[in-house]
Amino acid sequence: MSVAAGGPGGVAISPAKILGLGLLGLILIYTTPFLGPVFGPLLAAIGAVLAIIWGADTIRRVASYGLGTGVPSIGYMSLAIAIVGSIAGIAGASVLKLDPLLGPIFGFILAVVLGAIVAVLCKTLLKMKIPILIRGTAELSGAAALSVIGFSAAIAGTFSFAPIIVGGTLYLGIEQAVISTGFIALLFILNTMAIQHPFNACLGPDEDQVRTLKLSVATGFIAMAIVGLLSVYTSKAWWLVTLIGAIAWFIAIREFIDASKESAASVKWTGLWPKHEEE
Amino acid sequence: MVIDPYTLIAAVTVGGVLVGGGVHFIPVGGAPAAIATATGVGTGTAMLAAGSGMTGLITAAALTGQAPWLILASGAVGSMLMICITMLVGNLVYVFGVGCVPVSAKVDTDPITKLPQEKFVTPGTEGHGLPTVCYVSGTIGGALGGIGGGLVYWALYGALANPIFTLANRTDLSAAMVAGIFALSVFFVNAVIASYNIGGTIEGFHDPKFKRIPRGIVACLIASLVAGIFSLFLLPGFLGGI
C-alpha cells in the first residue's frame, strides 16, 4: 500500500457531511415498520446504501494512511464487528423483551463500541501509527452495522428477531428470514465488497474523492439489487427493490466510467491481440 | 447440552485467542509474494482466513451434536486441509509456473530439513514459494484456527440450541446458523487483529516477526472477551429475559 501511505488526498465532501448521510440512512431504516410492506423494505435498502457510501468514505480516510495489510482486511473486520454487534443488538432487544424498534440503534451502538475497542487495542498494544484509526474504525463499524441491519430489514420487512404478526400479515423475523436462510453470510461478503471495493479499486496518486464515492454508490446499489432478489419469498417489494437498485446502479456506474474517462490522459480501445507477432 | 454463560464467554475468548495465535503461524506473503518476490502464499490474511476459517467452520458444523472434541478436531482438520491445499497449489504455481525454488530469506538453513536457503534466494527478493518450514508452520496455524473457530461454534450452539431439538438428536438450524455466523465474525476480527500485529506479512514460526505473538494474543484476548460478553445478548433466559 505504499502508493497511498500519506493520508487522504483532496476532500471535496467533508467527513461531517458524509456522517450526516449515514445518519440519514439510519433514519430511513427506522421508517421501515411504518410504511407498509412495499415502501418499508425499499427505504430500508436505500438506508443501507447510504450507510455503504458512508463506510466507503471512511475506509478511504483510514486506509489512505497505509494499513500494511491491504484495504480489504479492514473491510472484512468492520463487517465482522458489524455482524457481532447487529445480531447481538437485534437479538438483545427481543431477548430483553424491549421494543423491537430499539434493536437497530442498539446494534449500531454495540458495533461502534466494539469497533472503538478493537481500534484502541490496535493503537495502544499493536502500536499502529494511524492518527484517525479510532474514530475511523468506530465510524466504519457503525456504517457496516447499518448496512447489515438495513439489508436485513429489507429482506425480513421487520426489525424483530422473532416472527411477528402486524395487521394480519406475518413477518418472518430476522432470524428466520436472514440468518436461518444463510443470507447473513452472503450479506457479510456482499457488504464487505460494497464498502471496501471503491477505495481498493481507486487508490493511487491521482485518487479523487468524488470519483471513489461514485463507485461506492454503484457498488451499494448493485448490492441493493441483489438483496431485492434475495427477498423474493419474504417481501412483496422485492421487484421494486431490485428494479430501483438496478436502475440506480446503471446511472452510478455510467457516471463513474465517465469520471474515469475524464480524468484519464487518453482512452484507447486496444482491440484484440494481433494474429501475427509484429516485428 | 446447555452451556452456561460463563463457559460461553470463556469459550469465545479462548477460541478468539487460538484464531489470533494461529494466524501468526500462517505464511502470509501479501502482494510481494503474489509476484514471487517474497516467501508465503500470495494473498492477504483476510483471504486466507476466509478460506480456511469458513472451511473449518463448515466441517465443525457438520458434526453438530457430537462430542466437543470431535467438533474441535473436525474444525481443525477442515482448516488444515484448506490451508494445505492452498499452500500446495501455490507451490505448484511458484515452482512450475514462475520457475523459482521454494526458499526462505529469513533463515540460513531450513530449521526442519536443514537444507541451505541463502544461495537459492534470488538477489533483491525476500525468498519465494513455501519451503518445508513454512508449510509445517501453516499447517499448525490452520489447526489452531480451526480449533478456535470450532470452539466458538460449539459453545454458542450449545447455549442457543433448543433442548427439544437436541433431545431428539436433531440439529436446531437457526441456532446452528446464528452460532456459525457469530463464530465466523469472531474468527475474522481476530484474524485481522493478528494480521495488523504482523504488519501484513510473516513466514511462519521461524520469522523474527513471530516474537510479536504475545502482544497479538493479548489484543485478541481483550477483543474476544468483549465479543463473548456481547454474545450473552443472544441468550434467552439470561439478563432477566424470556
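In the predicted model, 58% of the 242 residues of chain B count as buried. Chain B contains eight helices and two strands, and their order along the sequence is α-α-α-α-β-β-α-α-α-α. The radius of gyration of chain B is 19 Å, close to the 18 Å given by the globule rule for 242 residues, so chain B is as compact as a globular protein of that length. The C-alpha trace of chain B spans about 65 × 30 × 25 Å along its principal axes. When contacts in chain B between residues at least 6 apart in sequence are considered, 74% of them join residues at least 24 apart.

The loop between β1 (103–104) and β2 (127–128) of chain B holds Lys114(B). The phi of Lys114(B) is positive, about 60 degrees, although this residue is not a glycine. Lys114(B) has 8 C-beta neighbours inside 10 Å; because a residue with 12 or fewer is classed as exposed, Lys114(B) counts as exposed.

A positive phi is also found in chain A, at Lys127(A), where the value is about 55 degrees although the residue is not a glycine. Lys127(A) is placed in the loop between α4 and α5 (133–156) of chain A. With 11 other C-beta atoms within 10 Å, Lys127(A) is exposed.

The two chains meet through 35 residues of chain A, which are in contact with 36 residues of chain B. On the side of chain A that touches chain B, the elements giving two or more residues are α3 (71–95), α4 (102–124), α6 (174–179) and α7 (183–202) of chain A. The largest share, 14 residues, is supplied by α3(A). By residue class, this side of chain A consists of 24 nonpolar, nine polar and two charged residues.

From its first C-alpha to its last, α7(A) reaches 29 Å with 20 residues, close to the 28 Å expected at 1.5 Å a residue. At Gln196(A), α7(A) bends by about 40 degrees, and a proline, Pro198(A), follows within four residues. Most of α7(A) is covered, with 14 of its 20 residues buried. After α7(A) comes Gly204(A), which has a positive phi near 145 degrees.

How values were computed
Residues are numbered from 1 along each chain as its sequence is written. Chains are lettered from A and ligands numbered from 1 in the order in which they are written. This is a predicted model: local features need pLDDT of at least 70, side-chain atom pairs count only at pLDDT 80 or more; totals for chains, interfaces and linings use all residues. Two residues are in contact if their C-beta atoms, placed from the backbone, lie within 7 Å. Ala, Val, Leu, Ile, Met, Phe, Trp, Tyr, Cys and Pro count as nonpolar, Asp, Glu, Lys and Arg as charged, and the others, Gly among them, as polar. The radius of gyration is taken over C-alpha atoms; the globule rule is 2.2 Å times the number of residues to the power 0.38. The expected span of a helix is 1.5 Å times one less than its number of residues. The bend at a residue is the angle between axes fitted to the seven residues ending there and the seven starting there.
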